[in-house]
Amino acid sequence: MKEDCFETIQTRESSLPERTAEQISKLIVEQHLTSEDRLPSEFELAELLNVGRGTIREGVKLLVARNVLEIRRGKGTYIARNPGEVSDPLGFAYYPDQLGLAVDLLEVREQVEPWVARAAAERAGAEDLKQLRETCAVVERDILEERDHSQNDVLFHVAIAKCTHNMVVPKIIPIITYAITLSVTLTESRLKTETVVSHREILDAICGRDGERAGAAMARHIEHNRLMLEELLRSQGRERRTSGGEAADR
């Protein structure tokens, strides 16, 4: 009786396109579909889910907005490369104080990324390490040839996260990648030499299966970024908060 009541409430709260989107999502999971797979046609989905093609279109639109599906021109609708992941899941772009946000994000990175680097050193497979080396080399080329390296810098950290083979870590990566991009932008890429050196240290430690060294190298890398951001705060006459909530110039 209680279950029937719950189902009724759920039905009333969800629109038909919403429920259709949920069923399509369930289909993706159950059939282990990936970005290589094309979604069945509107007609096939309408037959399968017993709804109209207009409802299928609305459901697909919802999933495109959520980055579960992507429409490839001339090819059809496919599963997104990272289903459900969005570049700014917490709306950081709308924070008015981007410099203060960058400092706070680094505080989080200081707690998370050294562990990620340690886990990567302990768990990475041969193919993971190959990808990590290639990504590190691309960042170095960008810097040496004076190109914007922020996007490939992000991919280097993503590659480290994937080395952990932890299902949760890739889901928090959009937060870390936003932090990296923001830091590079705010510091105007002034940490180019430090980035090359730090990335090599992290790479060597992970490839050497030395978790402690990898964690320490990552911590130093983040520390350089923190010091640069705090220098920017001081240049604006601002100070970083202490743990007690008061401002302090460290």
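Okay, so helices here are DSSP runs of H or I with at least four residues, strands are E runs of at least two, and both are numbered from the N terminus. With that in hand, helix H8 is the top contributor to the lining of the largest cavity, giving three residues.

Quick housekeeping. This is a predicted model, so local features need pLDDT of at least 70, side-chain atom pairs count only at pLDDT 80 or more, and totals for chains, interfaces and linings use all residues. Numbering runs from 1 along each chain as its sequence is written, and side-chain values use heavy atoms, with hydrogens and water left out.

On a 1 Å grid over the protein atoms alone, a cavity is a set of points where a 1.4 Å probe fits but cannot get out, while a pocket is an open set with protein on both sides within 12 Å along at least five of seven lines; lining residues have an atom within 4 Å of a point. Volume is the space filled by probe spheres set on the points, which are joined across faces, edges and corners.

There are two cavities of 30 Å³ or more. The largest holds about 110 Å³, and 15 residues line it, with His149, Asp153, Val184, Thr195 and Asn225 closest to its centre. Helices H7 (150-163), H8 (169-186), H9 (192-207) and H10 (211-235) are the elements giving two or more residues to that lining. What is the lining made of, by class? Three nonpolar, eight polar and four charged residues, where Ala, Val, Leu, Ile, Met, Phe, Trp, Tyr, Cys and Pro count as nonpolar, Asp, Glu, Lys and Arg as charged, and the others, Gly among them, as polar.

H7 gives the most here, nine residues, and the classes split into 14 nonpolar, 10 polar and seven charged.

The second largest pocket comes in at about 210 Å³. Leu39, Pro40, Glu42, Val60 and Thr77 are the closest to its centre, out of 14 lining residues. Five of the lining residues come from H4, which is the largest share.

The structure has 16 of them. Within H4, Glu58 pairs with Lys61, closest N and O atoms 3.6 Å apart; the two are three residues apart in that helix, so about one helical turn separates them. Lys61 counts as exposed at 54% relative accessibility, and Glu58 as partly exposed at 37%. The cut-offs: buried is under 20% relative accessible area, exposed is over 50%, partly exposed is in between (1.4 Å probe, protein chains only).

Which parts does the bridge between Arg66 and Glu18 tie together? First, the N to O distance is 3.0 Å. Arg66 sits in the loop between helix H4 (53-65) and strand E1 (69-72), and Glu18 in helix H2 (residues 16-30), so the pair joins parts 48 residues apart in sequence.

Two more to look at on screen. Arg147 and Glu145 meet at 2.2 Å, N to O, and Glu110, Glu223, Arg226 and Glu230 are linked in a salt-bridge network.

Terms used. Salt bridge = Lys/Arg side-chain N within 4 Å of Asp/Glu carboxyl O.
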